[in-house]
Amino acid sequence: MIAKWRLWLGGGLLVAVIAAALYFPALRRQVNVAKQLTEKSAEQARRELLPPAPASSGDPKVRVKMFWGSKAGDSFTPVTVELPLSVDPVLRAKQVLNTLLAGPIDPEARTLPADAALLAFYLLPDGTGVADFSESMSTSIPSGIQSEQMAVDSITRTLEANVPQVQRLKILIHGQEMDTLAGHLDLTQTFLVNTSGLGTQPAKPSAASILTSPIHKAVETMKSVTKR
Amino acid sequence: MGLNIVVLDPAHGGTDLGARGTEGIRESEVILEFSSRLKQTLEAQGFQVLTTRDGNDNPSFDDRSARANAQRGAIFITLHIASTGLPGTVRTYVMPEFPSATNTTGLISWDRAQAPFVGLSRKLGDLVQQDLARRFRGSPATATVAPVRQLRTTAAPAIAVEISSVVVQQRGELDRMIPGVADAITHGVVAFRPSYILPLVSSGGGATQP
């Protein structure tokens, strides 16, 4: 009698374990989907809260040099385009970076992920620009030192050519200071912008200078904006 | 103190597969074989070779740097395969100049551990890249400067070597590059050995970890 009771109990437990094993992968998928939706919703809400750069229809058209990549992805092919640009350096920086993000006609010459967005841009009194990009800038970029360096250099060179007030650049991802862009390039430092000879040229510094105190203030400002 | 230890760092591993390409190529796997080949060629030249990983695990940046920072008379080489770039080329990267920070004990800050070694790293990087440029057409003639996170916390002459790329049509194309890249790195390290004179950064010779 006792053996029969144990048999039923054991059988019941076995059925429960099998059911749980079958259900667990589906549950994990559902959790992951829910997590992604939550992250996307938060980012979408933030994009909606932050006003986009104005269309600037009243601004005069000027010749703008954009630094998109070559097909091989190892050098730059500067392209000159005419854009209505604001004289305000912050708006101007937003306009040229949004154009850079929109990409060239040839999609193979892109240096930045197609789904990345500029969430905010600030300019500190010491000439440090703070660019806050969406998470796609980090998650969708091809993995590697060269691809990450090309992405950052395309941003710094485009700013250098079109917004002379920006001397250094700090990159944030979704309002946060990150250790790396996508596992390789160091984002804890600022990148030099307003200097000639930047980039992938050998034996010339393409980026990075010391982290200065105003940057910490900027990061704190960004965090408070994000929290609000 | 002469150069006698080479710390090899096969990048990525574990759940971090690194660059992924056609034909199921995974950077984290190919790079382990590359590291193994390079270890053999360096040992044949009399170097003691340590690695930051031998299996499918993924140590942190700091743990990888710590492997080199715990040694004296060592150099550090982190190995990568790119997602992009001209296939069949190889680039060596070194950190840009950045200020060193020492505390009252004379120890250098862990976050800026590479600062006193940037000059030596550039010399090592140029020697390695010159050999790579001879073997792999289209590669730069000298090392490229880039703020690579892994190098920043390494208190030793340190370089990153990245092969282009996982977009090759077949895995065999990458496999065929590996012996040449390993030989070029080894030649560069051998050429660098006479100029290996450590900068006087502290009495202890180490970096302080936070």
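Student: How many helices and strands are there in chain B?
Tutor: Chain B has five helices and eight strands, counting DSSP runs numbered from the N terminus, with helices being H or I of at least four residues and strands E of at least two. This is a predicted model, where local features need pLDDT of at least 70 and side-chain atom pairs pLDDT 80 or more, while totals for chains, interfaces and linings use all residues. Residues are numbered from 1 along each chain as its sequence is written, and chains are lettered from A and ligands numbered from 1 in the order in which they are written.

Student: What pattern does chain B follow along the sequence?
Tutor: Chain B reads β-α-β-α-β-β-β-α-β-α-β-α-β.

Student: How much of chain B counts as buried?
Tutor: 52% of its 210 residues. Buried takes 20 or more other C-beta atoms within 10 Å of a residue's own, exposed takes 12 or fewer, and partly exposed is in between, with C-beta atoms placed from the backbone.

Student: Switching to helix 5 of chain B: where is the kink?
Tutor: At I178(B), shortly before the proline P179(B), with a bend of about 30°. The bend is the angle between axes fitted to the seven residues ending at a residue and the seven starting there.

Student: What span should its 22 residues have?
Tutor: Helix 5 (residues 171-192) should span 32 Å, and its end C-alpha atoms are 32 Å apart, which agrees. The expected span is 1.5 Å times one less than the number of residues.

Student: What covers the buried residues of that helix?
Tutor: The cover includes strand 1 (5-10), helix 1 (27-44) and strand 7 (158-164) of chain B. Among the buried residues of helix 5 are L174(B), I185(B) and F192(B).

Student: Which residues have the most contacts inside the largest nonpolar core?
Tutor: L97(A), F133(A), V6(B), I75(B), I77(B), I159(B) and I185(B), in a core of 100 residues. Helix 5 of chain B gives the largest share of this core, eight residues. Such a core is a set of buried Ala, Val, Leu, Ile, Met, Phe, Trp, Tyr and Cys residues joined through C-beta atoms within 7 Å.

Student: How many residues of chain B are in contact with chain A?
Tutor: 28 of them, meeting 25 residues of chain A; contact takes C-beta atoms, placed from the backbone, within 7 Å. Strand 7 of chain B gives the most to that side, three residues.

Student: What about phi of H12(B)?
Tutor: H12(B) has a positive phi of about 65° although it is not a glycine, and lies in the loop between strand 1 and helix 1 of chain B.

Student: Is H12(B) buried or exposed?
Tutor: H12(B) counts as buried because it has 23 C-beta neighbours inside 10 Å.

Student: And H174(A), what's its phi?
Tutor: Near 50°, a positive value in a residue other than glycine. H174(A) counts as partly exposed, with 19 C-beta neighbours inside 10 Å.

Key:
Contact = placed C-beta atoms within 7 Å.
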